[in-house]
Amino acid sequence: MQVDVVTIFPDYLAPLDLSLIGRARRAGLLSVEVHDLRRWTHDVHRTVDDTPYGGGAGMVMRPEPWGAALDELTAAGRPPARLVVPTPVGERFDQAMAQRLAAEPRLIFACGRYEGIDQRVIDEAAAALPVTEVSLGDFVIFGGEVAVLAILEAVTRLIPGVLGNAGSLVEESHSDGLLEGPVYTKPPQWRGREVPEILRSGDHGRIARWRRDQALLRTASRRPDLIAGLPAGKLDKKDIALLVAAGFQLPAGDVAE
Ligand code: JET
């Protein structure tokens, strides 16, 4: 996959050289270019912002540098790209969106700052290429750069070859729509706290059931919205019995035979 990031703070993307994303790049599984938006300015102050039409606080990113940047980056001779714009008003990011983005040959990320990018940039881009405005959640950060890092962590680990086989199994267990339960490592006792006996029992059938139960109980208590959103048939009779015994109310029609 090819990735371009356009930002006024290229240094914010330095972590893309590190750890597993850095390794994926060095392995040729991912190619990343970070571009300084000011490269597409022409005035002596390299201005990227101006006051908002209609008044109000803050500044808005001017359309001209963005237009020139996207024209150059989408010129013929490269794989077709999707433009991804982190913004609090975007479609909510989740694992399913990460899967869809991981299947794209090329992503161009536009990092907004201040009060945002002039809307005409998004409208103009959408006439030429697919555009996804993405929200990581209902909060506001200074700019899109850190959101791009988070999105690229989620996407890169889904590119074939980035994780080993163990990783694919972890991925499968997460895509069942439940939160993972607690995990433990050595030592078996630490500050008077014990690793649950069942995990040390060697009984893989009971361990698998216990992990399922922990995932169900944690999800029902912390994220009832995820339980409510499970497709029909995802909970079997044992799952239902566990949750009912623990006092959780279940939406009708979730029970599989
Ligand atoms: C964000 C993402 O704050 C978030 O994104 C960064 C950001 C900050 C300020 C302006 C901005 O503009 C984007 C834009 O897009 C058209 O104008 C983006 C919060 N949750 N997810």
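Helix α2 passes helix α4 in a right-handed crossing; a crossing is right-handed if the near helix is turned clockwise from the far one by less than a right angle, and left-handed if anticlockwise. The model is predicted, so that local features need pLDDT of at least 70 and side-chain atom pairs count only at pLDDT 80 or more, whereas totals for chains, interfaces and linings use all residues. Residues are numbered from 1 along each chain as its sequence is written, and side-chain values use heavy atoms, with hydrogens and water left out.

Helices (H or I, at least four residues) and strands (E, at least two) are DSSP runs, numbered from the N terminus. Two packed helices are described by the angle between their axes and the distance between the axes. The axes of α2 (residues 63-73) and α4 come within 9 Å and cross at roughly 25 degrees. Axes are lines fitted to C-alpha atoms, for helices over the stretch in contact, and angles run from 0 to 180 degrees between N-to-C directions. The helices α2 and α4 are therefore roughly parallel to each other (angles under 35 degrees count as roughly parallel, over 145 as roughly antiparallel, 65 to 115 as roughly perpendicular and the rest as oblique). Pro-63, Trp-66 and Leu-70 of α2 meet Arg-120, Val-121 and Ala-125 of α4, where contact means heavy atoms within 4.5 Å. This contact comprises 5 nonpolar, no polar and 1 charged residues (Ala, Val, Leu, Ile, Met, Phe, Trp, Tyr, Cys and Pro count as nonpolar, Asp, Glu, Lys and Arg as charged, and the others, Gly among them, as polar).

For α7 (residues 204-222) and α9 (residues 237-245), the axes come within 10 Å and cross at roughly 50 degrees. The helices α7 and α9 are therefore oblique to each other, and α7 passes α9 in a right-handed crossing. In α7, Arg-209, Arg-212, Asp-213, Leu-216, Leu-217 and Ala-220 meet Lys-238, Asp-239, Leu-242 and Leu-243 in α9. By class, 5 nonpolar, no polar and 5 charged residues form the contact of α7 with α9.

Two backbone features were also identified. Most residues other than glycine have a negative phi, and most peptide bonds are trans. Arg-46, although not a glycine, has a positive phi of about 55 degrees; Arg-46 lies in the loop between β2 (31-36) and β3 (49-50). Lys-186 and Pro-187 are joined by a cis peptide bond, with omega about 5 degrees, and Pro-187 is found in the loop between α6 (165-174) and β8 (189-190).
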